[in-house]
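Here's a quick briefing for anyone opening this structure for the first time. Have a look at the model, then read on.

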Amino acid sequence: MTWSEMQPLLSQAGYETWWMVAWSTLISVAGGLPLGILLVLTERGGLLQNVVSNKVIGQVVNVLRSMPFIILMVALMSFTRWVTGTAIGTTAAIVPLAIGGVPFFARLVETAVREVDHGLVEAVQAMGGNTWTIVRKVLVPESLPSLIASTTTTLIALIGYSAMAGTVGGGGLGDLAIRYGYQRFETELMWIIVAILAVVISLIQFAGDYAARTLHRRGARSGPAPKLRLLKTEEPVAADIGKVA
């Protein structure tokens, strides 16, 4: 197979992979972020302590994470067909990718948020901040470098999952590698796909690491800025209360 024959195949497969991974990553972050924060808030000693809810949510996350992705795709075929109208194709593959990505990202978020200095949480509580304020002004901003790194890890994992989606007609680079590289013995095309994936993953990892390091250095330079900002926002409220009294 010549390069002129490979190029349109690679372009189409690359677009399909980008489509699957972009949407599934977006859904994974949107669903996994609140789920991971909820796991931290409802754990024993958390701001919204509820051991029963925490155990139930944690068990559901564990079950979905423990299932091999290719089995998850097959198990979700009926649900995928109900959501998208079909069980095969690029759009259909987004459903199992997202369902597999949400619990994966949620556990990473849980780890990142749990590492936040509890002293900041106590400071906001002492100033009368509610749970939403703590989440918005402390937990998410302080864990942002780790959240960026977690998003990078999830994105790379979903690229790997999307390659497996090709085995059940999901399209993308994985499907192209199987149909041409394995079934038709086009070894050259298969190695080109491997090289493309390696370069893409390396670039994503580099960009994610750079963003995480930049945010971490910026946070280290700012020092106690989060506390000072919180104090400044609360001081006028305290002054108004004193006037009313």
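Setting aside neighbours within four places in sequence, Thr25 is in contact with Leu155 and Leu158, where contact means heavy atoms within 4.5 Å. Thr25 sits in helix α1, and at 10% relative accessibility it counts as buried; that word means under 20% relative accessible area, with exposed being over 50% and partly exposed in between (1.4 Å probe, protein chains only). Keep in mind that this is a predicted model, in which local features need pLDDT of at least 70, side-chain atom pairs count only at pLDDT 80 or more, and totals for chains, interfaces and linings use all residues. Residues are numbered from 1 along each chain as its sequence is written, and side-chain values use heavy atoms, with hydrogens and water left out.

**The whole protein**

- The protein has 11 helices and zero strands; helices (H or I, at least four residues) and strands (E, at least two) are DSSP runs, numbered from the N terminus.
- Of the 245 residues in the protein, 36% are buried.
- Looking at contacts with a separation of 6 or more, 73% are between residues 24 or more positions apart.

**Where α1 meets α9**

- Two packed helices are described by the angle between their axes and the distance between the axes.
- For helix α1 (residues 3–41) and helix α9 (residues 172–182), the axes come within 6 Å and cross at roughly 140 degrees. Axes here are lines fitted to C-alpha atoms, for helices over the stretch in contact, and angles run from 0 to 180 degrees between N-to-C directions.
- That makes α1 and α9 oblique to each other, since angles under 35 degrees count as roughly parallel, over 145 as roughly antiparallel, 65 to 115 as roughly perpendicular and the rest as oblique.
- On the α1 side you'll find Leu9, Leu10, Ala13, Gly14, Glu16, Thr17 and Met20, which meet Gly172, Leu173, Leu176 and Tyr180 in α9.
- Sorted by class, the contact of α1 with α9 has seven nonpolar, three polar and one charged residues. Ala, Val, Leu, Ile, Met, Phe, Trp, Tyr, Cys and Pro count as nonpolar, Asp, Glu, Lys and Arg as charged, and the others, Gly among them, as polar.

**Thr42 and Asn54**

- Thr42 lies in the loop between α1 and α2, and with 5% relative accessibility it's buried.
- Asn54 belongs to helix α2 (residues 51–66) and is buried too, at a relative accessible area of 16%.
- The side chains of Thr42 and Asn54 are joined by a polar contact of 3.1 Å. A polar contact is a pair of N or O atoms within 3.5 Å; within protein, one must be able to donate a hydrogen and the other to accept it, and residues adjacent in sequence count only if both atoms are side-chain atoms.
- Not counting residues up to four places away in sequence, Thr42 touches Leu48, Gln49, Asn50, Val51 and Asn54.

- Asn130 caps the N-terminal end of α7, with a side-chain oxygen 3.3 Å from the backbone nitrogen of Trp132.
- Within α7, Thr133, Ile134, Val135, Val138 and Leu139 are buried.
- Asp117, in the loop between α5 (90–114) and α6 (118–126), is partly exposed at 48% relative accessible area.
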